[in-house]
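Keep the 3D view open as you read.

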Amino acid sequence: MDVDVDAVADELYGLVPERFTEVRNEQAARARKAGQAGAAKAIAALRRPTRAAYASNLLVRRRPEEVAAFLELGEALRRAQRSLDGGRLKALSHQRHVVVAALARTARQLAEEEGRAVGEDVVHEVEQTLHAALADSEAAAQWSGGRLSTGLEPPVGFTGLPETAPVRPPTERPAKQKQEQQRTEPEPTPEPEPKPSREVEQRRARAERARAEAEAAARAAELRAAEQALAEADERVAELERQLREARTARTGARRARAAAADRARDGDRAP
């Protein structure tokens, strides 16, 4: 039976990085034993994912609906970039920053739920990978496959907004020629702007829903963190109050003991 390299790769990149090398070597050895040298070589060449790549792959595998909406946002952003639609780019650029930050936090949370600590440097790499997926269709395909071995880098200078829109200089014509054309040429009828297709509207709606869900998830995460911090503060206050009560009780006991000792001393002085 032939070894399915694609299926093996899919399995490997779903593992935690610490298990990757061991399982990869086992699968490569199994392929060699089955006499499939090409498959064994391809499996052995698979690289262990970095922490950022692992978190990115986990996000793709665990949040397919958010990933689909994110890919549609990337398509819309690239179309607006090509058409130099400044207004659309501005709106999409704001949405991009919100969604990228929310998805990076989600990736971090998923990795930590698997017992893998994720620092700010790893979160930054995940964000860079997401920006790359928005900027380039090939990067988007790599990321959405859930098999990254390392993070992706967005194109240099990619911001989602053009720095300046190109302006076509007017063609100078002699004054006499202009006057003749004004007399002979009718006023051009402006063409109506094309209406967006139903598919585009549906994609926009899904992207908007994804943005709203990402923002809601971010707010919920911040609220949970605040509630946890408040609960920990309440526990600390309760512990300090308990210690204060114990200290007061001990102080009262010490005072009573000193008073009793003084009474005994005075009674001894009065004795004949």
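**From the outline to the core**

In this predicted model, the protein chain has 10 helices and zero strands. Read from the N terminus, its elements therefore simply run α-α-α-α-α-α-α-α-α-α. Of the 272 residues in the protein chain, 29% count as buried. The chain exposes about 18,300 Å², and carbon and sulfur atoms supply 51% of that area. Look at contacts between residues at least 6 apart in sequence, and you will find that 70% of them join residues at least 24 apart.

Now let's step inside. In soluble globular proteins, nonpolar side chains tend to be buried together. Here, the largest nonpolar core has 35 residues, and those with the most contacts inside it are Leu59, Phe70, Val126, Leu130 and Trp143. At least two residues of this core come from each of α4 (51-62), α5 (64-83), α6 (86-113), α7 (120-135) and α8 (137-144). The largest share, eight residues, is supplied by α6.

Setting aside residues up to four places away in sequence, Phe70 touches Val99, Val100, Leu103, Leu130, Ala133, Leu134 and Trp143. A second, separate core has 13 residues, including Tyr13, Phe20, Val23 and Ile43.

Finally, have a look at α4. Nine of its 12 residues are buried, so α4 is largely enclosed by the rest of the structure. Among the buried ones are Ala52, Tyr54, Asn57 and Leu59. The length of α4 checks out too: at 1.5 Å a residue, its 12 residues should span 16 Å, and its end C-alpha atoms are 16 Å apart, which agrees.

How values were computed
Residues numbered from 1 in each chain as written. Predicted model: local features only at pLDDT ≥ 70, side-chain atom pairs only at ≥ 80, totals over all residues. Heavy atoms only, no water. Core = buried A, V, L, I, M, F, W, Y, C linked by side-chain atoms within 4.5 Å. Buried < 20%, exposed > 50% of the residue type's maximum accessible area, 1.4 Å probe, protein only. Helix = DSSP H or I, 4+ residues; strand = E, 2+ residues; numbered from the N terminus. Contact = heavy atoms within 4.5 Å. Expected span 1.5 Å × (residues − 1). Areas by Shrake-Rupley, 256 points an atom, 1.4 Å probe, with all protein chains shown as cover.
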